[in-house]
Amino acid sequence: MKLATLKDGTRDGQLAVVSRDLKTAHLADGIASTLQKALDDWSFIAPQLDLLYQTINSGRGHRAFEFDPANCMAPLPRSSLRVAGAAYLQQIERACKAAGSEAPANLRDAPRLYQGASDDFLGAQDEIVLAHEQWGIDYEAGIAAITDDVAMGSTPDQAHLNIKLLMLVNDITLRNLAPDEQASGYGFLQAKPAMACSPVAITPDELGDAWRGGKVHYALRCSLNGKLTGQPHAGADMAFNYPQLLAHLCQTRNARAGSVVSAGGVANKEVKKGFSSIFERRNQEMIADGVASTPYLLFGDVVRLEMLGDDGKSLFGAIEQTVKQAEARKNR
């Protein structure tokens, strides 16, 4: 099934079930008011949501209405835990090569994860509002899993069963702020503003055979100002799948319902498939030409991220965001 959260003036919005073709929606107010409440009691709530999903797909929803992605918050507007990984190791290897260094020898031994801000996710069409272009504003296209409760010590096979939803993400990064933060030994803070999410989150069964081995086997289309910049395949070169990322996360802790785990920017070994971020393109330019020529995002630029199914139709809806300069705050 496909789920969205509609803007209603509250922090957590209103949960809605969306038709498979993303044309109609139906409020889930009689079942669960928010996605977090649904995840907290998923085994009981999910069958009821699925019944409503089947109803609107058959055209029988008595309160169905036209679905408008512009009215969507992130499917899960905030979370108690958000972790991002680097499951596409060629991205790290490419960055090291561009910098003239060697990739870590233990790169493939275990997943690399960091805990990011989770108190405020952006909707698919919310603007990217930041103060300065000089920060090196970049998009980073990826996929995230949303879980129910994952127990400490879970194996990958056990964690696989805890993946309830998937969504696209734009893990916005301020590249020029990142080096100093990483050099401090405390990782990202200012360099990682709010992440944006696709209009809908979908249950893995919606992907059919394209969900196998704990990976999504479709290309992720990335465009900037209407021009295709890459369509890397999400399953082809993923070194650690989502169950492995979850199991690694839960070695020493529980991950509670509503945890969000992303795998990093999608990247392939073959550069001809393009890139999921400007950072990756710049690294390849450094490798090929000795200089990075592609600029980071400027105010007014429009980023679009989308994944299409075998029928050519959008699976999650599109993330489409405009970069906008923040207004200066006046002293009070």
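Biologist: Against which helix do the buried residues of α3 pack?

Modeller: This is a predicted model, in which local features need pLDDT of at least 70 and side-chain atom pairs count only at pLDDT 80 or more, while totals for chains, interfaces and linings use all residues. Residues are numbered from 1 along each chain as its sequence is written, and side-chain values use heavy atoms, with hydrogens and water left out. Helices (H or I, at least four residues) and strands (E, at least two) are DSSP runs numbered from the N terminus, and buried means under 20% relative accessible area, exposed over 50% and partly exposed in between, with a 1.4 Å probe and protein chains only. Among the residues of α3, Leu 89, Gln 90, Gln 91, Arg 94, Cys 96 and Ala 98 are buried, and the helix that the buried residues of α3 pack against is α7.

Biologist: How are the axes of α3 and α7 set to each other, and which word describes that angle?

Modeller: Axes here are lines fitted to C-alpha atoms, for helices over the stretch in contact, and angles run from 0 to 180 degrees between N-to-C directions. The axes of α3 (residues 89–98) and α7 (residues 278–289) come within 8 Å, crossing at roughly 45 degrees. Under 35 degrees counts as roughly parallel, over 145 as roughly antiparallel, 65 to 115 as roughly perpendicular and the rest as oblique, so the word for α3 relative to α7 is oblique.

Biologist: Which hand does the crossing of α3 and α7 have?

Modeller: A crossing is left-handed if the near helix is turned anticlockwise from the far one by less than a right angle, and right-handed if clockwise. By that convention, the crossing in which α3 passes α7 is left-handed.

Biologist: Which residues of α7 make the contact with α3, and how do the residues on both sides divide by class?

Modeller: Contact means heavy atoms within 4.5 Å. On the α3 side it is made by Gln 91, Arg 94, Ala 95, Lys 97 and Ala 98, and on the α7 side by Phe 279, Glu 280, Asn 283, Gln 284, Met 286 and Ile 287. Ala, Val, Leu, Ile, Met, Phe, Trp, Tyr, Cys and Pro count as nonpolar, Asp, Glu, Lys and Arg as charged, and the others, Gly among them, as polar. Sorted in this way, the contact has five nonpolar, three polar and three charged residues.

Biologist: Is Gln 91 buried or exposed?

Modeller: Gln 91 lies in helix α3, and, leaving aside residues up to four places away in sequence, it touches Glu 140, Gly 265, Ala 267, Ser 276, Ser 277 and Glu 280. Its relative accessible area is 12%, so Gln 91 is buried.

Biologist: Beyond the end of α3, is Ala 99 buried or exposed?

Modeller: Ala 99 belongs to the loop between α3 and β6 (113–115), and its C-alpha atom is 14 Å from that of Arg 281, which is 182 residues apart from it in sequence. With a relative accessible area of 63%, Ala 99 is exposed.

Biologist: Where is Leu 22, and what is its phi?

Modeller: Leu 22 is in the loop between β2 (14–18) and β3 (24–27), and it counts as buried at 14% relative accessibility. Its phi is positive although the residue is not glycine, with a value near 65 degrees.

Biologist: What is the phi of Asn 225?

Modeller: Asn 225 sits in the loop between β16 (220–224) and β17 (227–230), where it is partly exposed, with a relative accessible area of 47%. This residue, other than glycine, has a positive phi near 55 degrees.
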